[in-house]
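Try each task on the structure first, then follow the solution step by step.

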Amino acid sequence: MATYAKTIFLTGNGSWIVPTDWNNSNFRISAIGCGGNGAAGPTAAGGTGGGGGGSGAYADKVSGTYTAGASIDYVIPAGGGAANTTFNVSDVIADFGKNASGTTGGGPGLAASSTGTNKSNGGTGGNGTVSRPGGGGGAGAAGPNGVGNNGAGGDTGSGSGGNGGSGDAGSGGAGGSGSSGGAATNGLPGTEQGGVGSGGGGGGGSDNVSFVAGANGGNYGAGPGGGGGHASAPGAAGTAAGGVIIIQYDPIAPVMPTLGDPITTGLFRSKNKSYLAMSHVGTFVQPVSLPLYVPPGFEYWPERPSTNSY
């Protein structure tokens, strides 16, 4: 998988300003859909465990043109939001993980319902069980390396919860463990894309009265574990992870000024306003599409001084 010098990640809804060192020749903009909700366990003895939540799909864009200073809108739903993650309306779209329904685990976010250069399906949440109600594990989110792995179903024989699936075909966050004599554990966050990535699914709750709750899905895009159940303490599902947009790029190199270049956009002057020092730095042509290089100890002066000012 490609690596990049800079990584920016976005959550929630808002606008992103394209940075001045943006490089249209080498970037990747990734989107992961939000995870779906898990289902709660039964409210009576002999019921069924809740299904685990499905996980978000992955999509990215690796070519195109964005102008430094431009404002790009994005929409990133919270976990269980049942809406797509989008960048610049339709440049990148990642489908969301589906909510569990009763004992049935939630379905995956689909590559076919996403938009981008590379796309992968999310995972399916594990099913809850009957008689001895263990919750299903949540699914891990999809990523640049592949699909999100499915959550495991609860165990009818033991009443244990199912394990969560790992994110990004095993390269993302690990899935949490289902409850089996202890509390279910949360899915781990992904770190494979510059420190962030596709989360692992949460473990499912068990039929043990002390450990009925399902665990949370890991950031980002993972489904939570479904709730287990006991007559006196029905289990709640864990919390689904929200979506994310990850922007990675190699910045363009700054332009080094050349001594004696003609004045077109301004001069450098020393921070103590000594124009004599400025004259030793030189003047230069600054292409508007490239970042400004400012020598240490100097500042950019956009005004053109008279010829006798230094």
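**Exercise 1. Decide whether Asp207 is buried or exposed, then find its charged partner.**

Step 1. Asp207 has a relative accessibility of 16%, so Asp207 counts as buried. Here buried means under 20% relative accessible area, exposed over 50%, and partly exposed in between (1.4 Å probe, protein chains only).

Before going on, a word about the model: it is predicted, so local features need pLDDT of at least 70 and side-chain atom pairs count only at pLDDT 80 or more, while totals for chains, interfaces and linings use all residues. Residues are numbered from 1 along each chain as its sequence is written, and side-chain values use heavy atoms, with hydrogens and water left out.

Step 2. Asp207 forms a salt bridge with Arg132, and the closest N and O atoms are 2.9 Å apart. A salt bridge is a side-chain nitrogen of Lys or Arg within 4 Å of a carboxyl oxygen of Asp or Glu.

Step 3. Both Asp207 and Arg132 lie in the loop between β8 and β9, so their pair ties together parts that are 75 residues apart in sequence. Strands, numbered from the N terminus, are DSSP runs (E, at least two residues), and helices are likewise DSSP runs (H or I, at least four).

Step 4. Arg132 is partly exposed, at 37% relative accessibility.

Step 5. Leaving out residues up to four places away in sequence, Asp207 touches Arg132, Pro133, Ser158, Gly159, Gly229 and His230. Contact means heavy atoms within 4.5 Å.

**Exercise 2. Count the salt bridges in the structure and describe the others.**

Step 1. There are three salt bridges in the structure.

Step 2. Asp21 is buried at 12% relative accessibility, whereas Lys6 is partly exposed at 34%.

Step 3. Asp95 and Lys98 also meet through their side chains in a salt bridge, at 3.0 Å from N to O. Asp95 is buried, with 6% relative accessibility, and Lys98 is partly exposed, with 26%.

**Exercise 3. Work out the strand order in the sheet of five strands, and find the partner of Lys6 in β9.**

Step 1. The five strands form an open, antiparallel sheet in the order β1-β9-β3-β4-β8. Two strands pair if DSSP finds at least two bridges between them.

Step 2. At the edges are β1 and β8, each of which pairs on one side only.

Step 3. Five bridges pair β1 with β9 in the antiparallel sense. In β9, Tyr249 is the bridge partner of Lys6.

**Exercise 4. Which strands make up the sheet of four, and which residue of β6 stands opposite Tyr74?**

Step 1. The order of this open sheet is β2-β5-β6-β7, again with antiparallel pairing. Its edge strands are β2 and β7.

Step 2. β5 and β6 (residues 85–87) run antiparallel and are joined by two bridges.

Step 3. The residue opposite Tyr74 in β6 is Phe87.

**Exercise 5. Find which residues touch the most other members of the largest nonpolar core.**

Step 1. A nonpolar core is a set of buried Ala, Val, Leu, Ile, Met, Phe, Trp, Tyr and Cys residues joined through side-chain atoms within 4.5 Å.

Step 2. The largest core has 18 residues, and those touching the most other members are Trp16, Trp22, Ile29, Tyr66, Phe87, Ile245 and Ile247. At least two residues of this core come from each of β3, β5 (71–75), β7 (92–94) and β9.

Step 3. Take Ile29 as an example: beyond its neighbours within four places in sequence, Ile29 has contacts that include Trp22, Tyr66, Phe87, Val92, Ile245 and Ile247.

Step 4. A second, separate core has eight residues, among them Ile32, Ala142, Val196 and Tyr220.
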